[in-house]
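Here is a short briefing to read with the model open. Take the topics one at a time and find each part as you go.

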Amino acid sequence: MFIIESPVVEKILVQDNVFLLKIHSPEIASVIKPAQFLNIRVSSKSYPLLRRPFSVCDVEGEDIYLLFNIFGEGTRILAGKSSGDLIDILGPLGNGFILNDDYEIAVIVAGGLGSAPFPFVTRELNDKKEIMSFIGGRTSKDVITYGMKNVFTASDDGTAGFKGTVVDLLSSKIDELKKKSIKVFGCGPTSMLKALKEFCVKQNIVCEVSAECAMACGFGICQGCPIESTNNREKYLLVCKDGPVFNVQDVVI
Amino acid sequence: MSKVDLSVKIGNLFLRNPIMLASGTVGYGSEISEFTDLNSIGGIITKSLSLKPRKGNPPQRIVETPAGMLNSIGLANVGVEEFIKSKIPFLNKFDVPLICNIAASSVDEYVECTKILTSEETIKAFEINVSCPNVKEGGLQFGNDVKAVGKVTEKVRAATSKPIIIKLSPNVSYISEFAEVVKKEGGDAVSAINTLVGTTFDINTHKPKIFNINGGLSGPAIKPIALAKVLEISRKVDIPVIGTGGIMNWEDVIEFIIVGSSAVQIGTLNFIDPAAPGKIVKEIEDYCLQNGITKISDLTASYLINE
C-alpha cells in the first residue's frame with residue numbers, strides 16, 4: 001500500500017462511454033492482484049475532494065488498466081486525461097479473488113461496469129482453468145465484454161444476447177456447467193450480487209463477489225464502507241479492508 | 001536540532017509540534033502509520049471510544065459534497081476494553097502523545113470510560129466528544145447544552161489528573177459560551193470544531209443519500225466557519241484552542257494558528273493524502289524559518305484586527 005504518481009500511456013474508448021486508461025506503473029503492476037483496487041485522486045483541487053476507487057482491470061507487463069464510464073465529476077476529469085498526465089494512485093487496496101483453489105471451471109458473472117476486474121482474472125487463469133463468462137447489462141450499451149473469453153451475454157431489454165438478467169442466463173446453463181467442478185466470481189450492481197448469492201447458495205456453488213460501497217479512504221480509517229457479516233452481527237466488516245472480495249456465505253448482500 | 005521551536009504546551013500536555021491527527025480520521029493509528037511517521041507528528045487522537053463496542057450506522061455512511069463530505073459513521077468502535085487489549089500495544093511502539101477521544105450517552109459513561117483509561121500510561125490526555133451529530137443518544141444532546149457540557153467537564157475533571165480537552169460543536173450560536181464553561185469547570189483546552197450537521201438528497205428517489213439522513217460535514221467547505229469559531233473563542237475566553245476544520249495544507253495550519261489555535265488537527269485530509277501530516281510539519285517549519293519565527297507558539301492569536 002503506497003501513494004504514487006504514474007503517467008498515462010493512452011486512453012482507449014472501448015465502447016460508447018466506456019473508457020480504458022492505460023497507466024505505466026511498474027510499482028503497482030508488480031504487486032496488484034485481480035479484484036484489488038486503487039483509490040485515485042483525480043484532481044488536487046477541493047472538488048472533487050475524495051479519491052475514487054477503481055478495480056484494476058488488467059495488468060500487462062509494467063502497465064495497469066482502469067475501466068470506467070463517465071458517471072460524475074471525478075470520472076469526467078479522469079476521462080479527460082491524456083498521455084503523459086500523472087495519475088495520483090493510492091494502492092493496491094483490499095483483497096483479491098482467490099483464483100488458485102480446487103475447481104475446474106471459473107464462471108465469471110458480471111453486470112455493467114462490474115466487468116472491470118475480469119480481464120485481469122481472465123489473463124491470470126488463461127492457462128490454468130477453463131473460463132466461462134456471463135456478462136449482462138440493462139441494454140447492449142451496458143454489456144462490457146472487453147478482455148474476456150467464452151462470453152455469453154444478457155440484457156434486460158434483449159438488445160444483446162439473452163433477454164433477462166445475467167443470473168437467469170447462468171441458471172439456464174448451470175446443469176451443463178455443473179458436470180465439472182465450478183467456482184463463480186461475481187461483480188456488478190448490488191441487486192445482481194443479491195440474486196447471484198441466492199442462486200449459488202441454492203445450487204451449493206462456491207461463489208466470491210467483489211462488493212461495492214461508497215468510501216473515503218479505501219484503507220480502513222474512515223470506517224465509511226460497512227457490510228453486514230453473517231458470522232458476527234455485532235460488528236460490520238469493511239468493504240475496503242476486509243473485502244472488496246467476499247465469499248457470499250460470509251456477508252449479507 | 002530544529003532551528004525553530006515547534007513545541008506546544010496545552011495544560012500538562014507537551015506536543016513536539018502543533019500537528020495533531022483528528023479523531024475518527026486515523027482509526028487507532030496502524031493504517032496511517034504506513035504513510036506518515038507517527039513519531040514526527042504532535043499527537044494522535046483515537047477514534048471515539050465508548051464503554052461498550054458500538055457497531056455504528058448501516059451504509060451509506062459517507063457522501064461527497066462540494067469541497068467536503070458528509071459522514072454518519074455512528075461512533076463505530078471497539079470499546080475501551082478491547083482498545084486497551086489490542087490497540088494500545090501497537091501505539092506503544094511510537095513516541096507520540098496518544099490522546100483518547102471518549103464518546104458516551106450519559107455523564108456516568110464519560111466518567112466510567114475516563115476512569116478505566118486514565119491508568120494507562122500511554123494515554124497522555126483525553127478529548128471528550130460532546131458534539132457527535134451522528135448518534136441518537138449523547139453526542140449533540142450534550143454539545144448543544146451549556147449546562148451539560150459544564151457537568152461533563154466537571155465530572156471528567158474529577159476522574160483524571162491528565163489533561164482534558166472538550167471537543168465543541170459548531171452547531172450552536174455562541175461557541176465561546178461553551179469554551180467559557182469548560183474553563184470554569186477545569187477543562188485544559190477545547191477543540192473547535194466538530195463537524196456541522198448537514199444532509200443531501202437524491203433528486204430521483206427523493207431519499208436521503210446517507211442512511212442516518214443527517215451527517216457531519218467536514219473538509220475545506222467548513223474551514224471559514226471553523227476559523228470564525230476559533231477566533232470567537234480566542235477573543236473571549238482564556239483557554240487553549242485546538243483548531244480543526246478543513247485543513248488541507250500548511251497555509252491552512254498557519255491561518256488557524258494566527259486566529260488563535262495553539263495546535264491544530266488534521267482530519268478529512270488524512271483520507272485523501274495520509275502522507276500529508278508529516279509533510280505539513282516540515283512545511284510549517286520552513287514557513288517559520290523564512291519569516292524569522294523562532295517559536296511557533298508566538299504565532300498563536302497573532303491576528304491584527306482594527307476596531
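Domain bounds, as used here, come from an automatic or database domain assignment. In chain A that assignment gives domain 1 (2-93), domain 2 (97-209) and domain 3 (211-253). Keep in mind that this is a predicted model.

**Domains of chain A**

- The C-alpha centres of domain 1 of chain A and domain 3 of chain A are 23 Å apart.
- The two domains touch: 8 residues of domain 1 of chain A are in contact with 7 residues of domain 3 of chain A.
- On the domain 1 side of this contact, β3 (37-41) and β6 (86-93) of chain A are the elements that give two or more residues.
- That side of domain 1 of chain A consists of 6 nonpolar residues, 1 polar residue and 1 charged residue.

**Strand pairing in chain A**

- Strand β1 (residues 2-15) of chain A runs antiparallel to strand β2 (residues 18-24) of chain A, and 6 bridges join them.
- Across this pair, A:Ile12 stands opposite A:Leu20 in β2(A).
- β1(A) and β2(A) form a hairpin, with 2 residues between the strands.
- In the turn, A:Asn17 has a positive phi of about 60°.
- β2(A) is also joined by 6 bridges to strand β5 (residues 63-68) of chain A, again antiparallel.
- Here A:Phe19 has A:Phe68 in β5(A) as its bridge partner.

**A buried helix in chain A**

- Why is helix α3 (residues 118-125) of chain A largely enclosed by the rest of the structure? The reason is that 6 of its 8 residues are buried.
- To count as buried, a residue needs 20 or more other C-beta atoms within 10 Å of its own.
- The buried residues of α3(A) are A:Phe118, A:Pro119, A:Phe120, A:Val121, A:Thr122 and A:Leu125.
- These buried residues pack against four strands of chain A: β4 (52-60), β7 (105-111), β8 (130-137) and β11 (182-187).

**Chain B as a whole**

- Chain B has 9 helices and 14 strands.
- Its C-alpha atoms fill a box of roughly 55 × 50 × 40 Å along the principal axes.
- A compact globule of 307 residues would have a radius of gyration near 19 Å, and the 18 Å of chain B agrees with this.
- Of the 307 residues in chain B, 56% are buried.
- Take the contacts in chain B between residues at least 6 apart in sequence: 73% of them join residues at least 24 apart.

**Where the chains meet**

- The contact between the chains takes 30 residues from chain B and 25 residues from chain A.
- On the chain B side, the elements giving two or more residues are β5 (62-65), β6 (68-71) and α8 (269-272) of chain B.
- By class, this side of chain B has 17 nonpolar, 8 polar and 5 charged residues.

**The largest nonpolar core**

- The largest nonpolar core has 176 residues.
- Which residues have the most contacts inside this core? They are A:Leu196, B:Ile44, B:Val190 and B:Val264.
- Helix α5 (residues 190-203) of chain A gives the largest share of this core, with 6 residues.
- Beyond its neighbours within four places in sequence, B:Val264 is in contact with residues including B:Pro18, B:Ile19, B:Met20, B:Ile242 and B:Phe256.

Key:
Residues numbered from 1 in each chain as written. Chains lettered and ligands numbered in written order. Predicted model: local features only at pLDDT ≥ 70, side-chain atom pairs only at ≥ 80, totals over all residues. Pairing = 2+ DSSP bridges. Nonpolar A, V, L, I, M, F, W, Y, C, P; charged D, E, K, R; others polar. Buried ≥ 20, exposed ≤ 12 C-beta atoms within 10 Å, placed from the backbone. Rg over C-alpha atoms; globule rule 2.2 N^0.38 Å. Core = buried A, V, L, I, M, F, W, Y, C linked by C-beta atoms within 7 Å.
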